[in-house]
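Please keep the sequence and the structure in view while reading.

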Amino acid sequence: MNNYLIALLAIVFVLSPDVYADNVAEKNSLEKELAYLAAERKMLVTASKMEEHVDKTIATNTVFTQDDIQHIGARNLIDVLRLVPGIGITQTQTGWREIEVRGVKTFLSEKVLIMLNGHPLDHNLQNAGSIWVYDDLPVDTIKRVEVVRGPGSALYGANAFLAVINIITQNAKDLNGLHTSAGWGSFDTQQYRASWGKHFDNSAEAALHFNFTDTNGINSPIKADSLSVQGLNSNAPGKSQLTEGRYDLEWNLGYKDFKFDGRYINKKAGTFFGAATILSDDKTRQDYNDYFLRLSRNWKVQDNFTIDTQVYHDFYKADNIWQFTPSYFARTGFQDTRTGGEVQANYHISDTHAVIGGFSFSKEQQGNILDLGGKDPQHLLPVPLLTAEKIRKRWGLYIEDVWDPLKNLRLTVGARYDRYNDFGGTFNPRMGFNWEFIKDYSLKFSYGTAYRAPAFGELALINNPVLLGNPTLKPEEVKTFEAGIIARPVMGLAAQATYYHSAINQIISRDPCQAAISCYGNSGSVVAEGIELEMRYDFGGNLQGSYISANNVLQHSVQLGRQLADVPRHRTNLTASWAFDRTWSSFAHVLIKDGTLRDLGDTRLDVPGYALFDVGLLGKNMFGKKVDISFNVYNLLDKRYYDPAPSSLNFVGDYQMAGRAFFGHISLKF
Amino acid sequence: MIGVQTISAHLKKMYFCKVLSLFFFCGAAFAQTGKVLIVNTDNSVFRYEKIATEFKNALQLNAYKWTEFDLERHINDEEELKRLIQEDPPGLVFCLGSEAFLLADKLAHNKKMLFSGVINWQRLAIGEKTNGVANELSPMHELSLLHYFFPSIKNIGVVYSESFSLEYVENLKKTALPLGINVISRSNNGQDDINAVLTDLMPKIDMFWLIADPGVISGLGTMQQIFDTAKQYKKPVYAYSDVFIGQGAVLSISVDLATIGRQAAGLAIKMDMDDKAPSGVVQTPVGSTITLNKCVLDMLKLKFNPDALDSVNDIVGCGK
């Protein structure tokens, strides 16, 4: 036996150096070849012979790829956005989520423009914003999420105020067959998805997506409402009733240079607390229908001159029943449409100089207004309409010049003028540079302005003794400058530090007035400034696929000399993804949020900060690359934490958020 | 007045230098120090370094001198290269890699240019007085060899990025048709899911051709995806370099880098000796190494022309 072992050891000692040496040499050769390809990749020469240098944009952006989304175990768009530096997500009393960007948070998140494949989704003209049906958008069909922080009105027009979130979904080429997926998790959450795509030989292509999601919600304990604190009959103490169910269908059809795409969504939801000061019972119901249709065509005039044209029709319908008191319900509904078109010319003057310019126009209309009230939600009677039917016409002209006067310098200058028939015109410029002052070290600077158009509800709210509209409202304005440094000191490591300063003026807010308790008006201003620090390291070699990343924001948003309520001074995300092999990887995420102040006059203690820990396990490309599975645990340590309830609900305490939650997901490709 | 006098004196001085230079340097215009400028994208990259070394060896044997400029080692490479070209104008600029060529082409107006190590040179705008040695073998050469080795192969699949390889793949398709080979191509811009492209392509082909496309082979992971998918569909992979034999390629025809370096030096000397030497000449590499992976060949039970074994330089078995 001993002799056998000695012989075995001898063989190992004699043979292994050669085997090892062979393996090392093979690996070295491969790495050398990949290094060569990487060196060649640095200089991209497109079909139009235009050089494009990577990382030259002046914008501050964050991109999540489909692979990133799978690794973080995101269930919906909100799960993706909460990892973006400078963005925070909180719960509202009515159900939808608030997207806080760079220290500014509003109830409707109307200062953030969400787009789907480049098409704006701010279809709700009454109350603005896109979160109504898009905050819990399923992510299984998403290919990429691009988040650009800072003003974007110079290119996108209205409401690209604090950030632009562009969601890009999988196309026919990405799908190439049938993809299905299903997920189940805590709170009776279930998600199903089916997608099919094919690229035909005659250059036709088709992609279809169907999503279904349903959840009972987190059933957060609600300790009190305005009735229970007075000892009156009430639903409190009780639980939140934010059930949410949705299905949607998206299509993307193409033939030669033509494309027809769109998405239809139906969403039904309960409410978290309710629309008033009492805890609603299960009779509160929100029902939304939303779709857009877009027909576009790309015209190639010359190799260096192309024109993109599109016409579109957007539709949004709300039909909601709200409980205002235990025995009074209101049913409010309306229907919004936006029909318009856009022409954009793209001209590459030279290899280092490109100009785009365009013209857009649209007609927005609100009608089919429904206002009912009464004791029995099944038999409500008409009440005086709270909002008026309205038509708005608008057009816009824009131009942007991107010029690389030096190989290591990019200048961008652009501006847009928008004209509205109701409040007039607004001009928004944008300019900046990106200068690689040392190899792999770049400086960025940009200045831009943006506007948020008054919503129909803010202009034309009538017959409401609490709040009235103001037809003379002007758009909100923001002026932002930001400066940043980007460094890639070693292979795989990218770090970025950005300072921003935004001055928001003409804020549309509720001011005391004679005709009602308050009226909308342009008053007040906010100054928001902060520093965003980001770092990501992607491992190479045997650890390829693993990464660690961190981002931290220090922000200070001031109104009337006081830090804004319900907004933290700092927030940190720490993430790590570890690839065990080519199939299995694990993920860990820590979110650390600072405590938040209360509004002036709110005597409650400040909302405490917290740290949450999420973990996940992902298996990709199993069983012949046809199966992906994942399992995630959110708030692993079951930390009890709260999102702030507004001062008007100070008797509620705060909104207790979900404890430990699980979600399992399986995806099949055929 | 003072300014005019100064300029006049300066011009006289330049004229005197020019006359002198005619006497001393008329034999070999850039056979003097600094007259060949080697611009390297990144000398730490093996392929560039190997070609450069052989190029310099060949120049040395012919008593030429050179100056080197490595873009990777200069903070402000454009400014510094511009200054170098202005202060010591080279007779010829030899560029290694796309980045070096694009930069030098922009800065060295009317200079004789030579390039090598550039992936798919046809995507570049080649100006006058420019010659080169391609990075790829001629498609006809490779296709003929493939046809010789594997006579039964009719459908070959290629995944490419339009940014880097459009012209190369179009040429490949045209060249393959007369040989009775159908090249089925799928473009992938690096952001699309390569899995979907591969799973669409693999069932339609007899062999997968891995081309040197930086937009497709974006890292170790993508490369492994390609080989895994090929293995799953039991499709052989033909690769442009023998470094992929260890990953499971059945055959590779690799260009010989040392030969490319010597070829480039030969072209450089020809361009120097003959001012009327034709420009726009891009030679294909003349040296290559054929490597056969016998292990994969047997595993996939491929029909291989036994007569072709004589042409193989290196046969790799399962033991390695």
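This is a predicted model: local features need pLDDT of at least 70, side-chain atom pairs count only at pLDDT 80 or more; totals for chains, interfaces and linings use all residues.

S252(B) lies in strand 10 of chain B, which covers residues 251–255.

**Chain B as a whole**

- Chain B contains 10 helices and 13 strands.
- Of the 320 residues in chain B, 52% are buried.

**How a pair of helices is described**

- The packing of two helices is described by the angle between their axes and by the distance between those axes.

**Helix 5 and helix 6 of chain B**

- Helix 5 of chain B spans residues 139–149 and helix 6 of chain B spans residues 162–176; they pack at an angle of about 50 degrees, and their axes are 9 Å apart.
- Helix 5 of chain B and helix 6 of chain B are therefore described as oblique to each other.
- The crossing of helix 5 of chain B with helix 6 of chain B is right-handed.
- From helix 5 of chain B, the residues P139(B), M140(B), E142(B) and L143(B) meet Y168(B), N171(B), L172(B), T175(B) and A176(B) of helix 6 of chain B.
- The residues in this contact of helix 5 of chain B with helix 6 of chain B comprise 6 nonpolar, 2 polar and 1 charged.

**Helix 7 and helix 8 of chain B**

- Helix 7 of chain B (residues 194–201) and helix 8 of chain B (residues 220–232) cross at roughly 25 degrees, and their axes come within 10 Å.
- Helix 7 of chain B and helix 8 of chain B therefore count as roughly parallel, since angles under 35 degrees fall in that class.
- Helix 7 of chain B passes helix 8 of chain B in a crossing that is right-handed.
- Helix 7 of chain B contributes I194(B), N195(B), L198(B) and T199(B) to the contact, while helix 8 of chain B contributes T222(B), Q225(B), I226(B) and T229(B).
- The contact of helix 7 of chain B with helix 8 of chain B has 5 polar and 3 nonpolar residues, with no charged residues.

Methods: Residues are numbered from 1 along each chain as its sequence is written. Chains are lettered from A and ligands numbered from 1 in the order in which they are written. Side-chain values use heavy atoms; hydrogens and water are left out. Axes are lines fitted to C-alpha atoms, for helices over the stretch in contact, and angles run from 0 to 180 degrees between N-to-C directions. Helices (H or I, at least four residues) and strands (E, at least two) are DSSP runs, numbered from the N terminus. Angles under 35 degrees count as roughly parallel, over 145 as roughly antiparallel, 65 to 115 as roughly perpendicular and the rest as oblique. A crossing is left-handed if the near helix is turned anticlockwise from the far one by less than a right angle, and right-handed if clockwise. Contact means heavy atoms within 4.5 Å. Ala, Val, Leu, Ile, Met, Phe, Trp, Tyr, Cys and Pro count as nonpolar, Asp, Glu, Lys and Arg as charged, and the others, Gly among them, as polar. Buried means under 20% relative accessible area, exposed over 50%, partly exposed in between (1.4 Å probe, protein chains only).
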